Amino acid sequence: SRVAALLSAYQRTRSDADRDAIPLRVGMRPALFEIRRISVSELRFVREAPTTALQLHRAFLAGCHAYTDAAGREHRAKVQSEGKASWASDEWLDEVGDAFGGQAVDEIGSAVIQWAQAPRGALAPFASVPGLVLVR
């Protein structure tokens with residue numbers, strides 16, 4: 001379908017132009033999450049978690065520290081750093097989970113893990129998990 005093709009183009013490029021081409025309901029705007037590429041050592045810490053749920057939460061806290069809501073307001077996590085690693089607090093996890101649901105947190109965490117596994121410089125290193133959000 002046309003919409004699937006537009007979503008696919010945005011997944012590949014993450015460009016503002018391709019995002020803006022995705023049709024939305026009148027008056028609706030997406031929330032936009034910012035993720036960063038985590039280091040391999042941070043990925044190791046994520047992977048050391050004993051359950052998949054905890055791995056996804058650790059990945060989210062390591063890789064997503066900001067989003068812009070549908071009204072255009074920026075939200076930023078309180079971040080603590082240790083060496084090259086930086087982590088958002090559990091309060092950030094709760095804030096985003098309350099606003100968008102746990103599935104959104106899991107999808108973003110999954111994208112953070114996939115991006116960390118991809119070679120540096122890859123333009124489209126991961127595919128968004130079908131569901132609530134496309135991460136940027």
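Good morning, colleagues. Please keep in mind throughout that this is a predicted model.

Three strands make up an open sheet, arranged in the order 1-2-3, and their pairing is antiparallel. Which strands stand at the edges? They are strand 1, covering 32–35, and strand 3, covering 74–76, and each of these pairs on one side only. From one strand to the next, the twist averages 20 degrees.

Let us look at one of these pairings in detail. Strand 1 is joined to strand 2, residues 64–68, by four bridges, and the two run antiparallel. Glu34 has Ala66 in strand 2 as its bridge partner.

Glu34 also brings us to the salt bridges. By the rule applied here, a nitrogen of Lys or Arg within 4 Å of a carboxyl oxygen of Asp or Glu, the model has seven salt bridges. In one of them, Glu34 is paired with Arg76, and their closest N and O atoms are 4.0 Å apart.

I turn now to the hairpin. Strand 4, residues 79–82, and strand 5, residues 85–88, run antiparallel and are joined by four bridges. Within this pairing, Val79 is found opposite Ala88 of strand 5. How many residues lie between the strands of this hairpin? There are two, and in this hairpin Gly83 adopts a positive phi near 65 degrees.

My final topic is the surface. Asp90, Glu91, Asp94, Glu95 and Asp98 form a negative surface patch. Where is Asp90 placed? Asp90 is in helix 5, which spans residues 90–100.

Glu34 has a bridge partner in strand 2, namely Ala66, and Glu34 forms a salt bridge with Arg76. Thank you for your attention.

Notes. Residues are numbered from 1 along each chain as its sequence is written. This is a predicted model: local features need pLDDT of at least 70, side-chain atom pairs count only at pLDDT 80 or more; totals for chains, interfaces and linings use all residues. Side-chain values use heavy atoms; hydrogens and water are left out. Patches are made of residues with over 30% relative accessible area and no salt bridge: like charges are joined within 9 Å, nonpolar side chains (Val, Leu, Ile, Met, Phe, Trp, Tyr) within 5 Å. Accessible areas come from the Shrake-Rupley method with a 1.4 Å probe; for residues, only the protein chains shown count as cover. A salt bridge is a side-chain nitrogen of Lys or Arg within 4 Å of a carboxyl oxygen of Asp or Glu. Lys and Arg count as positive and Asp and Glu as negative; His and the chain ends are not counted. The place of a charge is taken as NZ of Lys, CZ of Arg, CG of Asp or CD of Glu. Two strands pair if DSSP finds at least two bridges between them. Axes are lines fitted to C-alpha atoms, for helices over the stretch in contact, and angles run from 0 to 180 degrees between N-to-C directions.
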